[in-house]
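Please keep the structure open as you read.

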Amino acid sequence: MEQPLRVVIGEAPPPRLDKALARDVPEEAALSRTRLAKLIAEGAVTRAGEVLSDPKAKVEEGDVLEISVPEAEESHIGPEDIPLDIVWEDEDLVVVNKPAGMVVHPAPGTPSGTLVNALLFHFGEALSGVGGMKRPGIVHRIDKDTSGLLVVAKSDRAHHGLAAQFEKHSAERAYLALVHGVPSTADPRLRGVKGVSVEPGEVIRIQSGLARHKTDRQKQAVYFDGQGRHATTRARVLETFGTPPALALVECRLETGRTHQIRVHMAHAGHGLIGDPVYGGRRKIAAKALPPQVVAEVDRFDRQALHAALLGFEHPVTGDALRFEAELPTDMAHLLQTLRGE
């Protein structure tokens, strides 16, 4: 156990212990409101030797409180020396460009080889701990076979601040997807799809509930009438391929971030992602729309053609606006060049 953290309550404090501590605890202690609440409940906060375990306990200016903060426990997840593409890093967070094929967090089917295993090795002893454990704070995920940008917290204060932004949908996230067909705002079929509407700038908004498929538990499905978790995707066509156009490069922006959201929403709109094995990305391309060798390349693409290309958020500690972009991975870049005839 380390030496207790000493906190002196400042002028005009909130009357409640939890709120006063949240205001006056030193920033370098990296203790979020959630972590402080847990420490209070565990009896780790004292005043003149008296344990204060009630978050509503009255405090006054000049009170000296001591918090016994246990050292962060070692995670049960083992570190693994796996190469990482680190886009940006400081003492509170790291932004990673995840390759396709890597799972974000260990699960029964994938206990190792994940992004978390790699991050634990990369961080070494620099991880201050999230929720009292030496582990990276995962605030959002991308599918195993989706590539691109993720931000991960290294400290409790960063985890709390990032989680709040993703919960409020204030983080900026844009994905690049290669899809079957061309989602056109002028298409009467698309306009007639439930949950689809058109916004200025040729933007297609897809809004629905998302929840597990009723018969296939590995899939997500679109629901309406209050079923499932609210999900909104906005899609805009950047480029089309074929004569007549048969495929499109689409920018998808997430207002919410649900499991498989872009893949499910685009399939619901009738424009499934190329290579998507779950949501119908193996569609036959119209005869003569593209040269046979190009069609063969499309058919060979063996994952959903989806890349998290842009990530923007407010630094949860400094308040700085951060924005990152990641180039397409080799496989998607090659497919795009083939479609362009380059």
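## Terms and ground rules

Let's begin with burial: a residue is called buried when its relative accessible area is under 20%, exposed when it is over 50%, and partly exposed in between (1.4 Å probe, protein chains only). Helices (H or I, at least four residues) and strands (E, at least two) are DSSP runs, numbered from the N terminus.

This is a predicted model, in which local features need pLDDT of at least 70 and side-chain atom pairs count only at pLDDT 80 or more, while totals for chains, interfaces and linings use all residues. Residues are numbered from 1 along each chain as its sequence is written, and side-chain values use heavy atoms, with hydrogens and water left out.

## How confident is the model?

The predictor's confidence in each residue is its pLDDT, on a scale from 0 to 100. For this protein the mean pLDDT is 88, and 93% of the residues reach 70 or more.

Where in the protein is confidence lowest, and where is it highest? The lowest value belongs to strand β8 (residues 133-134), with a mean of 48, and the highest to β18, at 98. Over residues 130-134 the pLDDT stays under 50. For that stretch the model has 27 contacts (heavy atoms within 4.5 Å) beyond four places in sequence.

## A covered helix

Helix α3 spans residues 115-123 and is mostly covered, with seven of its nine residues buried. Those buried residues are L115, V116, N117, A118, L119, L120 and F123. Just after α3 comes G124, which takes a positive phi of about 60°.

## Strand β17 and its partners

β17 is mostly covered too: eight of its nine residues are buried. Now for its neighbours. Two strands are said to pair if DSSP finds at least two bridges between them. With strand β10 (residues 147-153), β17 pairs in the parallel sense over two bridges, and S147 has H307 of β17 as its bridge partner.

The pairing of β17 with strand β11 (residues 172-180) is antiparallel, over six bridges; here A177 stands opposite L306 of β17. β17 also pairs with β18 in the antiparallel sense, over five bridges, and L311 has F324 of β18 as its bridge partner. The hairpin of β17 and β18 has six residues between the strands, and in this hairpin G319 takes a positive phi near 85°.

## An aromatic cluster

Rings of Phe, Tyr and Trp (its six-membered ring) pair if their centres lie within 6.5 Å; planes under 30 degrees apart count as stacked, over 60 as edge-to-face and the rest as tilted. How many aromatic pairs does this rule give? The count is two. In one of them, the ring centres of W88 and F324 are 5.9 Å apart and the planes meet at 45°, so this pair is tilted. W88 sits in strand β6 (residues 86-89) and F324 in strand β18 (residues 321-325), so the pair ties together parts that are 236 residues apart in sequence. W88 is partly exposed, at 28% relative accessibility, whereas F324 is buried, at 10%.

F313 and F324 also form a tilted pair, with 6.2 Å centre to centre and 40° between the planes. F313 belongs to strand β17 (residues 306-314) and F324 to β18, so this pair ties together parts that are 11 residues apart in sequence. Both F313 and F324 are buried. Taken together, W88, F313 and F324 form one aromatic cluster.

## Strand β13 and its partners

Strand β12 (residues 196-199) pairs with β13 in the antiparallel sense over four bridges, and V196 has I206 of β13 as its bridge partner. Their hairpin has three residues between the strands, and in this hairpin G201 takes a positive phi near 85°.

β13 pairs with strand β15 (residues 229-241) as well, antiparallel and over seven bridges; Q207 has T232 of β15 as its bridge partner. Strand β14 (residues 220-223) runs antiparallel to β13, joined by four bridges, with L210 opposite V222 of β14.
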